[in-house]
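Subject: Structure handover

Hi,

Here is the structure for you to look through. My notes follow below it.

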Amino acid sequence: MTIKYSTAAMFIVLFTGMLLFPLPAGYSKSSNHFYSNQQYLHYENGHLPRDLHLRSASALVKDQQTGECLILKDAETVLPIASITKLMTAMVILDVKMKLNESLTIDKSDIDRIRHSHSRLSVGTKLTRREALLIALMASDNRCAHALGRTYPGGVNACIKAMNSKARQLGLTETRFEDTTGLSSRNVSSAQDLALLMEAAYEYNLIREFSTSRKATIYKGRRAMEFRNTNTLVRNPKWDIGLSKTGYIDEAGRCLVMQANVAERPVFIVLLDSQGKQTRIGDANRIKRWLEEQASVQ
């Protein structure tokens, strides 16, 4: 009988301990590929409100005006960033003031040999640098992003060097680039760094305009090709988005960065390594509702 009661008491103590000491808010089951890979850095940090449940492995919401971080979830974790890369590609292209009306031609070197991703822009397609920048930012086309780097003064390697140099200038200590598209898993950053990158990108009128365009039409001869923004939220009237970029490769999961006005407050939103096609959109909407709820009680 004594053993029976002792066993019952032990289970009660264990159960009580689980209630009193829950798993940390930054814990995520969505990124087994990341946590088992030692080439990336990992920190438990920041604060995630107990009433806000995000499925992205890393997240940050930062007040654009005050610099205050409102939401943090593993925001210092270094992760692959996929096509978020294209924001930096666009910045260095615009920095050197290349002629935007100059004609570019998609060639064989622009084909994705890493992941064999699809592009509707076949080899031989001619478009202006402005159009390539628009389609790279809005529709996340990899051939456009590579063509932009290839035609950078000194070629693609010089473009990548400029991207890393600008990252250092901006104080992005955890950010590295190895290509202009984001197809390389060695293009890495943290949510904290990406908030700073967005802050810099927001100063470029064309990046704001192109990254939030809903759709665009490119003509190949007489044939019209329509492209749409990879971020469906730019077409949602409930959102006021001033800058946007999505990203995806297997190692990075689904990524999303945005500048948006929420509850009359301009914020930067970073969501990295979301698992599932709609998870990053769901997390963005959960963040929006949470910010609006907080504003309504103040």
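Just after helix H3, Lys97 takes a positive phi of about 55°. Helices (H or I, at least four residues) and strands (E, at least two) are DSSP runs, numbered from the N terminus.

Two points on how to read this. This is a predicted model, where local features need pLDDT of at least 70 and side-chain atom pairs count only at pLDDT 80 or more, while totals for chains, interfaces and linings use all residues. Residues are numbered from 1 along each chain as its sequence is written, and side-chain values use heavy atoms, with hydrogens and water left out.

Helix H3

H3 is largely enclosed by the rest of the structure, because 10 of its 11 residues are buried. Buried means under 20% relative accessible area, with exposed over 50% and partly exposed in between (1.4 Å probe, protein chains only). The buried set includes Lys86, Leu87, Ala90 and Leu94.

Helix H6

H6 covers residues 156-169. Its 14 residues should span 20 Å at 1.5 Å a residue, and its end C-alpha atoms are 20 Å apart, which agrees. The expected span is 1.5 Å times one less than the number of residues. Buried residues in H6 include Ile160 and Asn164. Their cover includes H3 (85-95) and H5 (142-150). Gly171 follows H6, with a positive phi near 80°.

H3 against H6

The two axes come within 9 Å and cross at roughly 100°. Axes are lines fitted to C-alpha atoms, for helices over the stretch in contact, and angles run from 0 to 180 degrees between N-to-C directions. H3 and H6 are therefore roughly perpendicular to each other (65 to 115 degrees; under 35 is roughly parallel, over 145 roughly antiparallel, the rest oblique). Contact means heavy atoms within 4.5 Å. Among the contact residues are Met88, Met91 and Val92 of H3 and Cys159, Ala162 and Met163 of H6.

The sheet

Five strands form an open antiparallel sheet, in the order S2-S1-S11-S10-S9. Two strands pair if DSSP finds at least two bridges between them. The edge strands are S2 (69-73) and S9 (241-249), each pairing on one side only. S1 (58-63) and S11 (265-274) pair over six bridges. Ser58 has Leu272 in S11 as its bridge partner. Helix H7 (191-201) packs on this sheet and touches S1, S2, S9, S10 (253-262) and S11. The direction of H7 makes about 135° with that of S11.

Best wishes
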